Amino acid sequence: IGALIIGASVYFATSYLESARKSSTKTQLQNLRQIIMLYKNDTGRYPETLSDLKKSGILKKDLPKDGWD
């Protein structure tokens with residue numbers, strides 16, 4: 001019975017962590033959308049690359065790895 005409880009605990013912990021990573025990625029994408037809109041409002045056009053966002057100073061750091069990888 002102990003092994004069953006441990007197995008179930010590991011399964012639920014893994015599922016929770018995966019869900020949290022995906023939720024975090026969705027939030028990061030929403031933030032990136034806002035950054036892109038700020039760039040468009042400032043320049044009148046959408047950025048062609050992430051480098052455009054970094055050069056403008058709107059994107060201050062590299063994007064984190066997404067939760068699906």
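Colleague: What makes the backbone nitrogen of S51 and the side chain of T49 a polar contact?

Modeller: This is a predicted model. In it, a polar atom of the T49 side chain is 3.3 Å from the backbone nitrogen of S51. The limit is 3.5 Å, so the pair counts. T49 itself sits in the loop between α1 and α2 (50–56).

Colleague: Why is T49 called partly exposed?

Modeller: The relative accessible area of T49 is 42%. Buried requires under 20% and exposed over 50%, so T49 falls in between.

Colleague: How do you know that K40 lies over the face of Y46?

Modeller: K40 is 5.3 Å from the ring centre of Y46. The distance limit is 6 Å, with a further condition of 35 degrees from the ring normal.

Colleague: What makes L32, I35, Y39, L53 and L59 a nonpolar core?

Modeller: These five residues form the largest such core. Helix α1 (residues 2–43) contributes three of them, the most of any element. Beyond its neighbours within four places in sequence, I35 touches L53, I58 and L59.

Colleague: What share of the chain counts as buried?

Modeller: Of its 69 residues, 13%. The chain exposes about 5,800 Å², with 58% of that supplied by carbon and sulfur atoms. Its secondary structure is two helices and zero strands.

Terms used: Residues numbered from 1 in each chain as written. Predicted model: local features only at pLDDT ≥ 70, side-chain atom pairs only at ≥ 80, totals over all residues. Heavy atoms only, no water. Core = buried A, V, L, I, M, F, W, Y, C linked by side-chain atoms within 4.5 Å. Buried < 20%, exposed > 50% of the residue type's maximum accessible area, 1.4 Å probe, protein only. Helix = DSSP H or I, 4+ residues; strand = E, 2+ residues; numbered from the N terminus. Contact = heavy atoms within 4.5 Å. Areas by Shrake-Rupley, 256 points an atom, 1.4 Å probe, with all protein chains shown as cover. Polar contact = N/O pair within 3.5 Å; in protein donor to acceptor, adjacent residues only side chain to side chain.
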